[in-house]
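Take a look at the model below. Start with how its chains sit together, then turn to what lies inside.

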Number of protein chains: 2
Amino acid sequence: MKVIDLTHTIHSNMPVFPKTEPPVFKVSNTHKKDGFMETKLSMYSHTGTHIDAPRHMLSKGSSLDELSIDRYIGKSTVLDFSKLDKEYIEINDLSKYKEKIAKVEFIILKTGWSKYWGEKEYFLDFPSLSIEAANYLKEFNLKGIGIDTISIDKIDSESFVVHKILLSKDILIIENLTNLDNINSEYFILSILPLKTLDADGSPVRAVAIKNKEHGSFK
Amino acid sequence: MKVIDLTHTIHSNMPVFPKTEPPVFKVSNTHKKDGFMETKLSMYSHTGTHIDAPRHMLSKGSSLDELSIDRYIGKSTVLDFSKLDKEYIEINDLSKYKEKIAKVEFIILKTGWSKYWGEKEYFLDFPSLSIEAANYLKEFNLKGIGIDTISIDKIDSESFVVHKILLSKDILIIENLTNLDNINSEYFILSILPLKTLDADGSPVRAVAIKNKEHGSFK
């Protein structure tokens, strides 16, 4: 089994979404005082590589702990838009992959923006889904859509319309993915298992691509 | 693919290890004010169903982010000690399973204690590994050992000797597992992927058992 980590490291100087704060780690127990080391972790529910629950945008949407566990793992493929060079991923960019999209449970939109992680460019000018493209994708039988940017909407979006289109169909959104260049299989298993926090509007995750060589590929 | 959740829900009234505190969730962003909902999560690194890094007990031990990602997923089996009725799981309790243990990367010690989760009994009288049994297990090629109790040492242990024996060999410890009765396969894939926090001495995890029916069992 080959496992590829698609996750940014969580630390106190990491980039975070506007109007939220970076995580704070505080050593709470020490080898010397308590005989063991523990750390108190404080972070927002959408820190780093994370998933959005329908509840994130929709007051009556499901929280992550209300969805079935098998919603967080499944057959996946990467669609490469790193040479797209325009503001929106549109229907005609996606429709050429429609047979591929129909075969999988997750798609990952690769924009190439993860290379700007930690720089101001990360928050600027990244491609996002057009409204029409989001409506097109919601008709497939997808568990989730991942992207290597800070948001699947524009950074200055106030209506979060792409989020709402997808989340209203219980299609999970995975943001801030990284290391997509290291996936060299057309199909693989994506795991985005969230923490099991009560009423979760989102969760940081350890996103991984899994290729099960021992038992055949998923092609 | 069949996925079985082995994880307790994280919430503000959950049981936690003595000398640590339960998690605190605070809604930080609201649909009304910000157009989206987020929550600030504060919790100890060993809250709920979680894994221990070598660093948890050993000041020079590895943190989770220093270990290879494939250390957190692998072939597993459950050893049932729920009818053991004694204080320690000893070498002769384990040695009858030695061929099975040699075939897997993770073993889960089922004591049955998860049924007491949320009650004072959860902290009392649970079976733990004897020192000799820990030394016996460290000679196998294991990535980790899971258990459905609050600790793999006694609750009043001050030396955490079983932890130290296993962690000194980089054998991860998974504590507070639950729902083990629902695993009905002899062998399965265990996933205990941690958050990718910097210098992690441990991490809450979404522990799951995975059975890949499509591509054959792992028996």
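Predicted model: local features only at pLDDT ≥ 70, side-chain atom pairs only at ≥ 80, totals over all residues.

Now the interface. Chain B puts 51 residues into the contact, and chain A puts in 51 residues. On the side of chain B that touches chain A, at least two residues each come from β1 (2-5), β2 (24-29), α1 (31-34), β3 (38-44) and β12 (202-204). β3(B) gives the most, with 7 residues. By class, this side of chain B has 19 nonpolar, 20 polar and 12 charged residues. Of the interface residues of chain B, 100% are also interface residues in chain A, so the copies meet through the same surface.

Strand pairing crosses between the chains. Strand β3 (residues 38-44) of chain A is joined to β3(B) by 5 bridges, and the two run antiparallel. One pair to find: A:Tyr44 has B:Lys40 in β3(B) as its bridge partner.

Finally, the cores. The largest nonpolar core has 90 residues, and A:Ile145 and B:Ile145 have the most contacts inside it. Apart from it lies another core, of 10 residues, including A:Leu41, A:Tyr44, A:Leu195 and B:Leu195. Which residues does B:Ile145 contact, leaving aside its neighbours within four places in sequence? They are B:Ile107, B:Leu109, B:Leu137, B:Ile152, B:Leu166, B:Ile171 and B:Ile173. In soluble globular proteins, nonpolar side chains tend to be buried together.

Key
Residues numbered from 1 in each chain as written. Chains lettered and ligands numbered in written order. Contact = placed C-beta atoms within 7 Å. Core = buried A, V, L, I, M, F, W, Y, C linked by C-beta atoms within 7 Å. Buried ≥ 20, exposed ≤ 12 C-beta atoms within 10 Å, placed from the backbone. Helix = DSSP H or I, 4+ residues; strand = E, 2+ residues; numbered from the N terminus. Nonpolar A, V, L, I, M, F, W, Y, C, P; charged D, E, K, R; others polar. Pairing = 2+ DSSP bridges.
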